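Dear colleague,

Please find below the structure that I am handing over to you, together with its sequence.

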Amino acid sequence: MPTLLIENLPSDAIFVPSGSTLLAALQTAGHDWLHACGARGRCTTCRVQVSHGLDLLTPLTSAELRYREAGRLLPDERLTCQARLPAGTVTARVPRATQLPHVQYTQ
């Protein structure tokens, strides 16, 4: 099963069911994750910084392309409400700018 590892969260591997977004998988696993626009791809608050496996994610959506062109989404970042993981393992981090104050993050 496709797996998401978040390096700066103290958690086990997060399994990403077929067809699910990364955000849906994170929420199902019980993680509180910032997503100000309600997971509609209208902001960048749910972004994740991918350190390994970026090529395993589905292609950028039109929303992600708009944010990338505007300089609001870095080349190694994806929106968790848009990206899906068909197979493999992706390793990522929660960027400091989108970390929630009540969540305990590691270095």
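In which sense, parallel or antiparallel, do strand 1 and strand 5 pair, and over how many bridges? The model is a predicted one, and in it strand 1 and strand 5 pair in the parallel sense, over 4 bridges. Within this pairing leucine 5 stands opposite threonine 91, which belongs to strand 5. Strand 1 is also joined to strand 2, this time by 2 bridges, and these two strands run antiparallel; here leucine 4 has isoleucine 14 of strand 2 opposite it.

Turning to charged side chains, the structure holds 3 salt bridges. One of them is formed by the side chains of glutamate 7 and arginine 93, with an N to O distance of 3.8 Å. Because glutamate 7 lies in the loop between strand 1 (3-6) and strand 2 (14-15) while arginine 93 is in strand 5, this pair ties together parts that are 86 residues apart in sequence. Glutamate 7 counts as partly exposed, at 38% relative accessibility, and arginine 93 likewise counts as partly exposed, at 25%.

Another salt bridge is that between arginine 47 and glutamate 77, whose closest N and O atoms are 3.4 Å apart. This pair links distant parts of the chain, since arginine 47 sits in strand 3 (residues 47-52) and glutamate 77 in strand 4, 30 residues apart. Both arginine 47 and glutamate 77 are buried.

The side chains of glutamate 64 and arginine 78 also meet in a salt bridge, with 2.7 Å from N to O. Here the distant parts of the chain that are linked are helix 2 (residues 62-69), which contains glutamate 64, and strand 4, which contains arginine 78, the two residues being 14 apart. Both glutamate 64 and arginine 78 are buried.

As for the cysteines, the structure holds 0 disulfides. Cysteine 37 is in no disulfide, and the cysteine sulfur nearest to it, that of cysteine 43, is 3.6 Å away, whereas a disulfide would require the two sulfur atoms to be within 2.5 Å. Cysteine 37 counts as buried, at 16% relative accessibility. Cysteine 81 is in no disulfide either, and its nearest cysteine sulfur, belonging to cysteine 46, is 3.7 Å away. Cysteine 81 is buried, with a relative accessible area of 9%.

Finally, I would draw your attention to glutamine 82, which has its place in the loop between strand 4 (77-79) and strand 5 (89-93).

Note on methods. Residues numbered from 1 in each chain as written. Predicted model: local features only at pLDDT ≥ 70, side-chain atom pairs only at ≥ 80, totals over all residues. Heavy atoms only, no water. Salt bridge = Lys/Arg side-chain N within 4 Å of Asp/Glu carboxyl O. Buried < 20%, exposed > 50% of the residue type's maximum accessible area, 1.4 Å probe, protein only. Pairing = 2+ DSSP bridges.
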